[in-house]
Amino acid sequence: MAYGYYPGCSLHSTAKEYGMSLMAVCRKLSIELNEVEDWNCCGATPAHTTKEELGIALAYSNLLNASRQGLEEVLAPCAACYNRLKTAKYALNHSELLQKRMDEITGGKVEHEVKVFNILEFFRDIYGQDNLKAAILKPLAGLNVACYYGCLLVRPSKVVNFDDPEDPQSMDELIRLLGGTSVNWSCKTECCGGSHAIPETDIVLELGKRIFSSAQSAGAKMIAVACPLCQANLDMRQHQINEKYKTDFKMPVVYITQLMGLALGISPVELGLNSHFVSTGELVKQF
Amino acid sequence: MNENFEPKIAAFVCTWCTYTGADLAGTSRLKYEPNVRVLRLPCTGRIDFSLVIKAFENGADGVLISGCHPNDCHYNAGNFHARRRFAIFRKLLEFTGIDPNRVQFSWVSAAEGAKWRDVVNAVTDEIRKLGPFNEYQKLIHDSFPFRHEDSGAEEISEKEQVENVK
Amino acid sequence: MQLKLDNNVSQFAEEIESLSGLKVYDCYQCGKCSAGCPVGQFTEESPTRLIRLIQLNQKEAVLNSRTPYLCATCSTCSERCPMNIDVAKIMETVRILASREHVKSPVKEVAAFSGAFLDSVKSNGRLFEFGMTISFNLRNLTPLKDAMLGPVMLQKGKLALWPRSIKNKERIKRIFEKSSYFEPRAESTGKKEH
Amino acid sequence: MARIGVFVCHCGENIGRTVDCPEVSRRAALLRDVFYSVDYKYMCSDPGQNMIKDAIREHGLTGVVVASCSPLMHEKTFRRAVTEAGMNPFLCEIANIREHCSWVHEDRKAATDKALDLIRIMVEKVKHNVALESIRIPVTKKALVIGGGIAGIQAALDIADGGKEVILVEKSPSIGGHMAQLSETFPTLDCSQCILTPKMVSANTHKNIKLYTYSEVEKVSGYIGNFQVTIRKKARYIDESVCTGCGICQEKCPVKKIPSEFNEGLGMRKAIYVPFPQAVPNKPVIDREHCTKFINGKCGACEKLCGPKAIRFDQTDSFITEDIGAIVVATGYDLYTIDKKTDNTLKGYGEYGYGKYPDVVSGLQFERLVSASGPTYGELKRPSDGKTPETIVFIQCVGSRDAAKGVSYCSKICCMYTAKHTMLYKHKVHNGKAFVFYMDIRAGGKNYDEFVRRAIEEDGAVYLRGRVSKISQEDGKLVVMGADTLSGAQVEIKADMVVLATAIAAQPDIVPLAQKLGVGYDQYHFLSEAHPKLRPVETNSAGIFLAGACQAPKDIPEAVAQASAAASKVLGLFSSLELEREPYVAKVNENTCSGCEFCLMACPYNAIERREIKNRRGEVIKTVSYVNEGKCQGCGTCVSICRSKSIDLMGFTDEQVYSQINAMFV
């Protein structure tokens with residue numbers, strides 16, 4: 001099985017382990033990913049909050065490349081990229097004027113529809129839960145996971161049209177499928193302040209604290225994410241949160257693909273589980 | 001156009017809203033142009049547009065149709081029937097080369113005495129500007145024996161009305 | 001505080017409506033957006049108040065508000081608005097409008113970050129995080145901010161020291177040059193989506 | 001030959017000032033077929049009316065035109081006058097030369113000319129008038145009241161007290177409706193059941209009321225005064241005539257864990273049950289879906305233990321047909337569904353966690369929790385662990401005024417009942433604190449605003465102006481994230497319980513009933529009144545009236561007032577042997593009718609039916625339209641849609657209208 005793949009900037013740098021673990025999982029499951037040729041940054045938050053058209057055009061340019069390459073289904077594992085690509089598609093579907101402008105700006109036109117999937121949709125709807133289940137070697141027994149979706153996977157719901165924006169279930173289902181336990185907690189879709197990770201540190205520390213306390217009181221031992229921004233934010237800043245609020249959170253923030261990898265019997269190092277700020281030692285020990 | 005020309009205007013109104021609204025204009029002693037002759041019907045839904053043709057035939061220079069506001073019809077939907085018919089009738093007028101502004105349509109509720117005044121004044125002005133509707137009366141006179149052949153158009157309009165009503 | 005209002009009271013709201021395609025006067029100030037805003041405790045004007053100020057033509061106050069810059073674009077407000085107003089989009093619109101009108105950002109860190117980010121994308125086609133972070137800290141005059149994180153990231157292989165550019169940089173250049181502040185909207189803006 | 005009389009009224013100065021009445025009268029006399037013309041100071045006065053009567057007798061007039069004020073004013077007066085002179089009332093017409101002429105014009109000549117025109121138009125019309133008889137419809141003096149809540153009970157009692165028979169149909173096993181579920185009522189805080197139960201009992205025992213509970217209206221046909229209604233009496237699986245209501249069956253039934261509808265799911269009931277102790281009638285029903293006997297044929301404990309042997313497992317639904325003269329619809333309301341899991345068409349309030357957190361309850365559930373007859377016998381305990389809540393957050397407008405997730409309208413009663421809840425809470429838990437999130441306080445009504453102020457000033461409820469964005473659960477507490485827009489701040493409250501003031505919605509199954517009755521409904525499925533201000537209890541279907549929250553959200557006083565109003569309309573209708581209506585109805589010319597049935601589609605009243613025309617051998621030659629005069633309201637829409645000009649409207653026939661147009665301009 002071969003699908004298009006839009007890694008986005010993070011999966012090559014700050015979210016290196018997301019890329020690594022995804023590749024490892026795909027190798028294991030014989031999924032072939034064809035990277036969108038010469039892809040560019042989706043623009044993330046700075047583009048669309050600076051110039052509306054810039055935000056759309058940067059994302060559209062990637063859809064254009066994908067369509068030229070003949071890709072019909074593209075996996076965008078980074079939730080931010082996924083959100084931007086979906087937003088561009090949504091905006092273009094709702095405005096012919098904008099479509100015209102995009103044709104002018106990028107000098108091209110998407111020839112056929114390019115479907116964009118996030119990581120959860122990809123394994124649930126495209127690869128299939130049954131196929132995945134069959135490949136599990138080491139079920140994640142006894143693992144209490146707080147599934148953290150953040151903002152970009154589920155909102156705005158009319159744009160992404162993916163899961164319940166208040167109480168999404170797809171990652172929880174996946175964790176259960178892998179043999180783990182997903183805890184019922186309140187902060188699944190609360191914002192971690194990812195877009196302010198660098199400029200407004202105070203905000204992200206406060207938001208991060210809320211998320212960790214909620215996960216902890218729900219009995220979670222770790223947080224699973226599908227967004228490099230959330231991961232970097234929560235993982236990198238945990239130390240600062242503990243310092244500022246005199247807390248003692250030691251909660252690994254891992255990518256869902258890393259947990260999948262463990263269940264599929266891939267070695268922790270191959271999954272990049274050694275490159276986290278908060279130690280994943282306790283988790284890795286079990287495998 | 002001729003400023004001294006006093007147009008003759010026929011008004012077909014429903015009894016529940018516009019006729020009562022016109023009564024209110026009277027009780028409020030509002031003054032308006034005396035050119036309109038009102039014909040009271042239970043509902044604008046009763047207005048077959050051949051009545052309009054008939055009015056022109058009898059020398060009207062303009063026709064005003066007025067009933068309850070949308071959703072306020074005493075009979076639920078008669079005004080909607082009238083509105084659809086009117087939309088088609090206007091097209092028919094355009095097609096035949098008659099200025100469609102000779103037939104005016106409006107909603108006047110039982111509470112809108114002042115609106116009735118304004119509507120009557122505006123329609124009178126408009127028709128005054130359009131001038132006497134001599135062409136039609138002349139046509140009727142000149143071709144009296146054949147005028148029923150014209151009603152072919154009427155039938156078409158009615159058929160369309162029915163389809164729209166559906 | 002006193003607001004001086006005249007017949008032009010809806011002018012600014014109409015401007016925002018025509019730029020964003022949203023209906024500003026649909027807002028009845030229920031406060032649900034403010035209630036759930038993750039950065040609520042860091043802002044002076046809640047989204048509710050900011051929209052009220054738009055409704056009352058307070059353009060200057062709105063364009064100089066910190067709120068749109070502190071907005072985390074999480075869309076929680078838009079998701080829960082009982083009147084279907086895309087509040088996050090209003091924040092975005094205010095920010096873009098301020099930038100178009102050369103109003104200096106009241107939150108310099110956010111502006112510096114956006115600038116650094118887009119500079120990096122503009123010259124490489126992709127984000128070069130190491131360079132971007134240095135550029136941000138220089139713009140923001142906080143050269144040592146998060147300096148402790150950098151080495152660890154480098155050590156963990158999470159920051160590349162050299163940019164990896166895309167091949168067709170012309171494409172990116174063109175996009176940056178040609179993009180307008182706002183997308184084109186038909187005359188009849190503000191049609192509600194249902 | 002027509003002999004028309006014209007009577008020009010001066011109306012004191014009102015007409016005479018602008019219109020030269022003697023001149024008009026003189027010129028009217030010259031009109032063709034006008035035989036007699038006169039003007040007089042006050043035509044509506046006794047001498048004026050006598051002039052008309054005398055003229056009719058003396059000159060053998062065949063038609064009368066009174067040129068005076070609006071027909072809406074005195075048409076009835078003058079028609080009565082001509083009747084007294086032996087003329088058919090429908091041969092008298094009014095030319096409106098006051099409201100439409102003298103009062104609105106200043107130029108005397110123009111006004112005089114116009115007055116004459118108006119008279120000429122009516123003279124031409126009256127020449128083509130024909131004698132008509134008012135339509136008389138016999139009236140069956142028995143009313144049907146649909147719905148046994150407070151509105152239905154009140155309407156039924158008022159009609160019954162007025163001496164007329166009533167059939168009261170209630171779909172659930174007991175009458176009482178939502179009011180029976182309430183603990184206490186605003187703004188007096190009197191106990192709901194204390195004031196309702198006596199009425200329920202009277203409804204059951206009144207000699208003029210026949211009560212059908214656990215029954216639904218199956219079919220309605222006919223028209224005002226003459227409805228035929230079929231009622232489906234659902235099988236209770238007990239013989240009501242034998243059952244003594246001793247309750248042994250309910251006591252011994254082993255199926256215990258069925259969420260009680262009456263307690264809004266907060267308590268349990270058995271498979272054979274009386275919904276609540278004060279139920280009327282106090283006879284149980286068997287819930288077929290949960291009864292073991294029906295599921296696998298075992299058990300039958302109730303049957304064995306029933307002393308009078310009233311259990312009938314083989315009972316089936318039965319049907320009763322009744323002749324009815326008037327119908328009162330009092331089907332009430334339902335709550336908006338907050339929990340989207342029960343209704344996928346709604347977006348629901350996922351952010352409030354209703355259905356996920358047991359201590360987030362609806363307003364009606366709170367009523368049950370503080371009601372003396374509720375699952376906790378009036379002691380306020382929260383559902384999750386039975387703890388007494390020390391902090392309760394009340395959220396108003398859940399579902400109301402919410403175009404995105406609920407309904408756009410204001411549910412009207414929530415401001416009041418939330419204030420009541422805070423008071424009931426404070427009276428039960430003295431150290432408790434109530435917080436209320438509201439958007440606006442709508443407390444218009446006698447002693448209503450004072451009541452809300454009392455909640456704040458005396459019972460210490462803290463009102464916060466804003467909506468709540470999210471409720472989450474942490475360490476056994478509900479964390480409520482709201483806003484107070486007055487201070488411009490976010491508000492976080494850790495509460496033990498949250499009460500959602502849920503929007504009032506129309507009954508989910510109202511549309512099929514409305515369609516059976518031919519009653520209109522709005523986009524939210526509330527039933528439509530005939531006129532929002534002047535005919536608030538009538539519907540556009542003659543003989544069908546509305547009472548209570550089926551028309552719009554209403555509180556108890558309003559529902560009761562409307563119920564009594566509907567009852568008085570019914571009694572008014574029943575006060576005469578026959579109904580008399582203006583004979584302005586459509587008539588079909590069966591010779592030319594082609595049976596295209598466009599009129600059937602256009603008629604807003606379903607007044608047009610098909611009629612088969614048969615030859616002597618009884619073979620159907622063609623089908624034509626036929627107007628049911630009882631249903632026809634005389635709008636004339638069918639007349640203008642008829643392709644073959646085969647329908648005409650009495651009183652406004654084509655002949656009359658064309659004659660008027662012919663006379664319009666000379």
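In the predicted model described here, B:Cys17 and B:Cys68 form a disulfide with their sulfur atoms 2.3 Å apart, a disulfide being taken as a pair of cysteine sulfur atoms within 2.5 Å. The two cysteines lie 51 residues apart and link distant parts of the chain, B:Cys17 in the loop between strand E1 (9–14) and helix H1 (18–27) of chain B, and B:Cys68 in the loop between strand E3 (62–67) and helix H3 (78–96) of chain B; helices (H or I, at least four residues) and strands (E, at least two) are DSSP runs, numbered from the N terminus. The link of B:Cys17 and B:Cys68 is right-handed, with 100° about the S-S bond. Both B:Cys17 and B:Cys68 are buried, where buried stands for under 20% relative accessible area, exposed for over 50%, and partly exposed for values in between (1.4 Å probe, protein chains only).

Residues are numbered from 1 along each chain as its sequence is written, and chains are lettered from A and ligands numbered from 1 in the order in which they are written. As this is a predicted model, local features need pLDDT of at least 70 and side-chain atom pairs count only at pLDDT 80 or more, whereas totals for chains, interfaces and linings use all residues; side-chain values use heavy atoms, with hydrogens and water left out.

Over all chains, the structure holds 2 disulfides. In chain D, a disulfide joins D:Cys191 to D:Cys194, with an S to S distance of 2.4 Å. The torsion about the S-S bond of D:Cys191 and D:Cys194 is about 90°, and the disulfide is therefore right-handed. D:Cys191 is partly exposed, since its relative accessible area is 27%, while D:Cys194, with a relative accessible area of 51%, counts as exposed. C:Cys30, by contrast, takes part in no disulfide, the nearest cysteine sulfur being that of C:Cys81, 6.3 Å away. With a relative accessible area of 7%, C:Cys30 is buried. For C:Cys71, the closest cysteine sulfur belongs to C:Cys77 and is 6.2 Å away, which is too far for a bond; C:Cys71 is buried as well, its relative accessible area being 12%.

Chain C contains 11 helices and 0 strands, so that its elements, read from the N terminus on, run α-α-α-α-α-α-α-α-α-α-α. Of its 194 residues, 55% count as buried. Among contacts in chain C (contact meaning heavy atoms within 4.5 Å) between residues at least 6 apart in sequence, 71% join residues at least 24 apart. Chain C exposes about 9,200 Å², of which carbon and sulfur atoms supply 53%; accessible areas come from the Shrake-Rupley method with a 1.4 Å probe, and for residues only the protein chains shown count as cover.

Of the 4 pairs of chains that touch, chains A and C have the most contacts between them. In this interface, 69 residues of chain A are in contact with 61 residues of chain C. Chain A and chain C bury about 5,700 Å² between them, with 56% of this area on carbon and sulfur atoms; buried area is the accessible area (1.4 Å probe) that two parts lose on being put together, summed over both. A:Asp38, A:Glu52 and A:Ile198 supply 13% of the area that chain A buries against chain C, more than any other three residues.

Between chain A and chain C the count is 4 salt bridges, each defined by a side-chain nitrogen of Lys or Arg within 4 Å of a carboxyl oxygen of Asp or Glu. One of them is formed by the side chains of A:Glu166 and C:Arg80, at 2.8 Å from N to O. On the side of chain A that touches chain C, the elements giving two or more residues include helix H1 (16–28), helix H3 (52–68) and helix H10 (228–245) of chain A. H3(A) gives the most to this side, with 9 residues.

Chain A and chain B, by contrast, do not touch, and their nearest C-alpha atoms are 31 Å apart. Nor does any contact join chain B and chain C, whose closest C-alpha atoms lie 22 Å apart.

In chain D, D:Glu578 is found in strand E30 (residues 578–581). D:Glu578 counts as partly exposed, because its relative accessibility is 37%. When neighbours within four places in sequence are left aside, D:Glu578 is in contact with D:Arg136, D:Ile137, D:Pro138 and D:Val139.
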